[in-house]
Amino acid sequence: MACIQNLSVGNWVETTKSFTSDDLKLYAKLSGDSNPLHVDQQYAKGTQFGHCIVHGMLINGLLSGLVGTKLPGYGSVYISQAVKFPSPLFINEEVTARVEISKIRRSFVYVTLTCTAKKRNK
């Protein structure tokens with residue numbers, strides 16, 4: 001875990017990833033979310049999206065991974081989070097997840113993070 005004295009507002013980390021249909025099937029199996037919109041291309045073709053979309057919580061997992069391993073790092077735990085999904089992410093489409101420190105309360109060893117995930121060219 002990063003020492004609180006070494007953290008500053010504005011510190012950030014990011015990662016870029018694309019998810020495959022196998023990733024979605026594995027996540028569906030692990031989470032129990034087998035909504036055909038995520039795992040059945042034929043079904044998804046008939047929806048407003050036209051293709052399978054990545055589970056929002058799978059994208060959110062990228063942010064969790066950054067918080068738990070990079071910033072602040074090992075030993076960190078989410079206390080709360082508000083999530084919005086403004087647009088779908090499709091299979092094999094790149095997304096960049098970014099975590100940035102927006103506030104620090106040193107007396108409580110409490111860090112407020114701004115977490116975003118955006119499509120590569122958006």
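1. Helices (H or I, at least four residues) and strands (E, at least two) are DSSP runs, numbered from the N terminus. Strand β2 covers residues 94-105 and contains Val-99. Val-99 is buried, at a relative accessible area of 0%, where buried means under 20%, exposed over 50% and partly exposed in between (1.4 Å probe, protein chains only).

2. The model is predicted, with local features needing pLDDT of at least 70 and side-chain atom pairs pLDDT 80 or more, whereas totals for chains, interfaces and linings use all residues. Residues are numbered from 1 along each chain as its sequence is written, and side-chain values use heavy atoms, without hydrogens and water.

3. His-55 belongs to the loop between α3 (41-45) and α4. His-55 is buried, with a relative accessible area of 1%. Its side chain reaches the backbone oxygen of Asp-33 at 3.1 Å. Leaving aside residues up to four places away in sequence, His-55 touches Leu-24, Tyr-27, Ala-28, Asp-33 and His-38 (contact: heavy atoms within 4.5 Å).

4. Helix α4 comprises residues 56-69 and includes Met-57. The 14 residues of α4 should span 20 Å at 1.5 Å a residue, and the end C-alpha atoms are 20 Å apart, which agrees; the expected span is 1.5 Å times one less than the number of residues. Among the buried residues of α4 are Leu-58, Ile-59, Leu-62 and Leu-66, whereas Met-57 is partly exposed, with a relative accessible area of 42%.

Conventions: Polar contact = N/O pair within 3.5 Å; in protein donor to acceptor, adjacent residues only side chain to side chain.
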